[in-house]
Protein chains: 2
Amino acid sequence: MRISELASRSGVSVPTIKYYLRTGLLAAGHPTAHNQAHYDESHLRRVRLIRVFVDVGGLTVLATREMLAAIDERRLSGERLLAVLDSTRAAARRRTLEGDLRTAAVRDVSALVSGRGWRVRPGSRAMQRLTDACVAARLLKMRELCAVLDAYAKAAACAAECDAVVARALAERVGVAPDQQRAALAEAVVVAAVLGNALTASLHAMAREDALTRLFAEWDG
Amino acid sequence: MRISELASRSGVSVPTIKYYLRTGLLAAGHPTAHNQAHYDESHLRRVRLIRVFVDVGGLTVLATREMLAAIDERRLSGERLLAVLDSTRAAARRRTLEGDLRTAAVRDVSALVSGRGWRVRPGSRAMQRLTDACVAARLLKMRELCAVLDAYAKAAACAAECDAVVARALAERVGVAPDQQRAALAEAVVVAAVLGNALTASLHAMAREDALTRLFAEWDG
């Protein structure tokens with residue numbers, strides 16, 4: 001396919017694909033006549049992958065390149081893969097992904113929120129980020145999305161319950177004058193959130209390492 | 001207390017405290033004779049709080065100042081607090097926290113790992129980050145730490161199970177030649193991890209918003 005078709009099928013603009021080519025994230029196409037290049041399914045797959053890393057994972061170009069290099073290693077060991085996952089820090093960024101997939105993803109998120117009865121402000125960053133992740137999952141044709149989404153949400157609800165327990169405990173511990181009560185409660189909530197994020201992110205990475213180690217053993221066995 | 005005592009009781013060095021004073025994160029001490037300043041318990045509390053935001057949350061000075069300003073607002077509404085939490089992105093950073101608290105925190109983490117039977121590489125970044133979070137929790141004198149830690153770990157294990165389900169589904173979907181199988185599996189694992197991080201972080205923030213909204217209602221009622 002030509003670069004324009006690669007762009008339309010991947011949902012990534014031609015200038016962005018050219019940027020991927022320039023920075024070496026994407027391998028050059030096969031040269032044809034008329035000074036053009038031909039791209040195949042492997043290019044399409046790679047563009048979708050880069051999009052997941054950059055748009056959803058918030059990885060930098062450098063980190064994305066590292067991830068792709070790890071994937072491309074022929075004899076990649078499970079251990080090396082875990083080390084790459086551990087060393088790559090995803091700084092969250094937001095991009096707007098457009099199109100039909102976005103409409104479907106917005107529907108996924110609304111269904112989840114109403115299904116769980118969550119009282120959340122529509123349009124919060126967290127909700128936008130979740131929508132982006134759902135777009136990516138749809139881009140990857142993950143049929144199991146809704147089931148998995150609900151399972152993740154259940155785990156998140158448990159973590160949030162922990163945050164609330166911590167916030168309550170910290171608030172009860174503060175011995176302050178009544179006129180400072182409100183600030184003390186705010187402090188407890190903020191500390192619980194910061195601590196909760198750090199605990200969740202690190203424990204999730206550790207639990208994943210364990211789950212993947214089992215999965216690798218199964219694949220190798 | 002003098003600045004040296006504030007430093008030893010908070011575990012933060014005198015130069016760092018002076019930096020907090022210069023950047024306005026910490027209010028000036030009460031002036032005394034001899035061109036010195038006197039600090040009270042509110043300063044100690046504030047230094048500990050800054051440490052949690054910077055060392056554990058990985059917040060920038062700017063984001064920390066915003067958090068502190070929100071806490072200091074007398075009539076802070078729950079809604080405003082949620083907006084601040086939502087807008088502040090924690091870019092994970094690592095600092096080495098030393099001392100007895102660290103030894104105790106290392107013990108907390110080992111107990112957790114062996115209790116759950118997790119196969120994880122000792123010294124991974126995730127484990128270091130978890131240890132930092134435990135140091136902070138101990139700094140804040142959270143007696144419930146071990147119980148809460150295990151509850152967070154249980155939620156993380158559920159999320160990691162979801163990652164494995166996604167990795168397995170993505171790997172099964174890839175129709176590739178046997179010699180590319182390994183790269184395809186690696187790709188599935190990396191995509192599942194990136195997606196899993198984004199889903200967990202956003203869903204956790206949304207579930208927390210719901211949990212805190214209920215907590216605010218309880219406190220106000």
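1. Fold of chain A. Of the contacts in chain A with a separation of 6 or more, 57% join residues 24 or more positions apart, where contact means heavy atoms within 4.5 Å. Chain A has 9 helices and 2 strands; these are DSSP runs numbered from the N terminus, helices being H or I with at least four residues and strands E with at least two. Along the sequence their order is α-α-β-β-α-α-α-α-α-α-α. Of the 221 residues in chain A, 52% are buried. Buried means under 20% relative accessible area, exposed means over 50%, and partly exposed lies in between (1.4 Å probe, protein chains only).

2. Basis of the values. This is a predicted model, in which local features need pLDDT of at least 70 and side-chain atom pairs count only at pLDDT 80 or more, while totals for chains, interfaces and linings use all residues. Residues are numbered from 1 along each chain as its sequence is written, chains are lettered from A in the order in which they are written, and side-chain values use heavy atoms, with hydrogens and water left out.

3. Relation of the two chains.

4. Interface. Chain B and chain A each put 104 residues into the contact. Between them they bury about 9,800 Å², of which 67% is on carbon and sulfur atoms; buried area is the accessible area (1.4 Å probe) lost when two parts are put together, summed over both. The interface holds 4 salt bridges by the rule, which asks for a side-chain nitrogen of Lys or Arg within 4 Å of a carboxyl oxygen of Asp or Glu. Arg208(B) and Asp163(A) form a salt bridge through their side chains, at 2.8 Å from N to O.

5. Nonpolar cores. A nonpolar core is a set of buried Ala, Val, Leu, Ile, Met, Phe, Trp, Tyr and Cys residues joined through side-chain atoms within 4.5 Å. The largest has 72 residues, and the members that touch the most others are Phe53(A), Trp118(A), Leu130(A), Leu203(B) and Met206(B). Helix H9 of chain B (residues 181–220) gives the most to this core, with 15 residues. A second, separate core has 71 residues, including Val191(A), Leu26(B), Val109(B) and Leu145(B). Setting aside residues up to four places away in sequence, Leu130(A) touches Val109(A), Leu112(A) and Leu149(A), among others, as well as Leu199(B), Ser202(B), Leu203(B) and Met206(B).

6. In one of them, the closest N and O atoms of Asp132(A) and Arg102(A) are 3.0 Å apart. Asp132(A) lies in helix H7 (residues 125–139) and Arg102(A) in helix H6 (residues 100–116) of chain A, so this pair ties together parts that are 30 residues apart in sequence. Asp132(A) and Arg102(A) are both buried. Asp108(A) and Arg138(A) also form a salt bridge, at 2.9 Å between the closest N and O atoms. This pair, too, links H6 and H7 of chain A across 30 residues. Asp108(A) is buried at 8% relative accessibility, whereas Arg138(A) is partly exposed at 30%.

7. Other charged groups in chain A. Asp210(A) and Arg214(A) form a salt bridge, with 3.1 Å between the closest N and O atoms. They are separated by about one helical turn, because they stand 4 residues apart in helix H9 of chain A. Asp210(A) is buried, with a relative accessible area of 7%, and Arg214(A) is partly exposed at 40%. Glu5(A), Arg9(A) and Glu41(A) are linked in a network of salt bridges.

8. Helix H7 of chain B. Of the 15 residues of H7(B), 12 are buried, among them Arg129(B), Asp132(B) and Cys134(B). Lys141(B), which follows H7(B), has a positive phi, near 55°.
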